[in-house]
Amino acid sequence: MDTSRPPHGERQRKALLAEIQAGGDTTEKHYLEIKRQLDFSSKEETTKLAKFILGAANRLPATAERHFGGYAVMVIGAEKGGLPGVPAGTEILDIEQKINKFLLPGGPQWELERAPADSPGQEVLFILVDPPQDGDTIYLCRADFQGSKVNLGNGDIYVRAQGQTRKATAREIDDLMTRAGKKSLPAPELTVSLAGDAHHLDLTPERLDQFIDNKVEKARTEHLSPPAFAPAQRSPLFAGLNAQVLLGLDPTRLSPEAFERQALEWEQQIRAEWQENLGRIAGAALPGLVIELANRQYTFLEAVRFDLVLEDAYGVDTEDPDDVTVKKLFPLVIEKRNPLDPLGLGLLPPNLNNIRPALSQYPLKWKNVGENLHITIELDQLRPGTPWVSDGDDFVVIARHDVTALSGTWRATIRGHHEAFEGEVSLPVGQKQNIQTLYRRLAQETANN
């Protein structure tokens with residue numbers, strides 16, 4: 001049975017009724033009671049309802065919150081194999097008139113919801129008792145009732161155990177007194193702000209093909225086209241050089257076969273590393289995302305974990321513009337050998353930005369998961385009136401698609417609060433970046449440094 005949410009909506013109620021029809025009253029727990037029938041014209045029958053509400057309200061928050069969001073539910077008019085229901089039209093006011101003497105003053109809060117039964121004129125009722133909270137009083141029974149099957153005593157304390165409601169033991173009363181003595185924490189007021197833009201890179205095959213074709217054609221002109229040759233050259237020195245060219249000894253010239261082989265190897269490398277290398281330039285040339293978390297309450301929040309998911313996006317590491325050399329990311333088709341780099345590896349300095357979280361207590365971490373960017377921030381405390389702001393050089397956000405904005409969701413958990421707090425964010429996507437615009441942005445950043 002899915003008890004992660006209370007049966008407030010039609011879909012949740014249908015799912016719960018399907019479980020009851022399959023399992024009957026074997027599904028009864030401290031958070032769920034099932035009645036095939038309940039005659040609201042009978043004092044003893046309605047007294048069962050009052051007893052359930054009192055017992056459900058006298059649960060401990062840590063126990064209650066594990067199911068139905070802390071609610072306790074009585075389902076009336078359902079059984080294994082069917083939904084016989086009760087006569088339609090029962091109003092909450094009619095029920096209150098019969099049970100309020102056991103609950104008031106200061107009694108628990110509850111609600112009534114409905115679902116169709118198997119037969120016309122019948123309906124299934126759902127009695128939902130509000131989740132207990134720290135600081136709640138002990139709910140006492142306020143009247144006596146003696147029946148053939150149900151007895152209630154004025155001043156008695158009832159608790160909800162697994163599948164039954166009964167008088168509280170001394171230990172359970174102690175626990176309820178502890179609950180009443182706890183100060184209920186005010187609900188936190190969190191605000192989440194994103195400063196900056198996401199960026200979209202032009203990674204289309206057409207742009208890549210154009211880049212490769214231009215570079216190869218330029219290299220072909222420089223390294224394959226025959227040089228100008230003057231047969232009437234009289235100088236012995238020039239004559240010797242021309243002889244070298246004719247013999248194929250000019251180091252700047254390649255045979256057609258050698259050129260095509262090297263050009264193909266270069267193209268394969270460029271295609272394999274195209275997205276990664278554009279991402280490295282973007283990480284050096286484009287501004288990173290700044291995240292601000294603020295606590296609008298007047299109390300400290302402790303052990304705050306914040307999870308943000310930006311959909312259809314990924315992150316790239318930020319880098320120092322001086323550490324990103326375009327000529328090494330996108331080398332020439334025919335590269336001249338550097339005596340200091342005889343193998344022509346063109347090694348780039350390692351990107352050390354991502355080592356920071358491992359070496360310090362910086363609270364932000366991020367990773368790409370599937371199609372989404374996941375960001376986690378863990379703070380020991382979040383002071384009131386003092387927002388936590390990320391450094392802005394953690395990562396650059398890249399949109400996977402050409403859209404105007406990214407959608408995201410966040411979830412926060414906080415010590416002492418037995419629920420998660422959630423919200424939504426939107427991040428604008430800036431102008432599309434291609435390799436030429438990234439070159440210019442990187443040059444500007446390098447000049448500014």
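Analyst: With the nonpolar core: a set of buried Ala, Val, Leu, Ile, Met, Phe, Trp, Tyr and Cys residues joined through side-chain atoms within 4.5 Å. Buried means under 20% relative accessible area, exposed over 50%, partly exposed in between (1.4 Å probe, protein chains only). The model is predicted, so local features need pLDDT of at least 70 and side-chain atom pairs 80 or more, while totals for chains, interfaces and linings use all residues. Residues are numbered from 1 along each chain as its sequence is written, and side-chain values use heavy atoms, without hydrogens and water.

User: Which residues have the most contacts inside the largest nonpolar core?

Analyst: L310, I375 and V397, in a core of 33 residues. Another core, of 29 residues, lies apart from it and includes L278 and Y314.

User: What makes F306 a contact of I375?

Analyst: Contact means heavy atoms within 4.5 Å. Leaving aside neighbours within four places in sequence, I375 meets this with F306, and among others with L310 and W366.

User: How do you know that strand 13 and strand 16 pair?

Analyst: Strands are DSSP runs of E, at least two residues, numbered from the N terminus. Two strands pair if DSSP finds at least two bridges between them. Strand 13 and strand 16 have nine, in the antiparallel sense, so they pair by that rule.

Note on methods
Helices (H or I, at least four residues) and strands (E, at least two) are DSSP runs, numbered from the N terminus.
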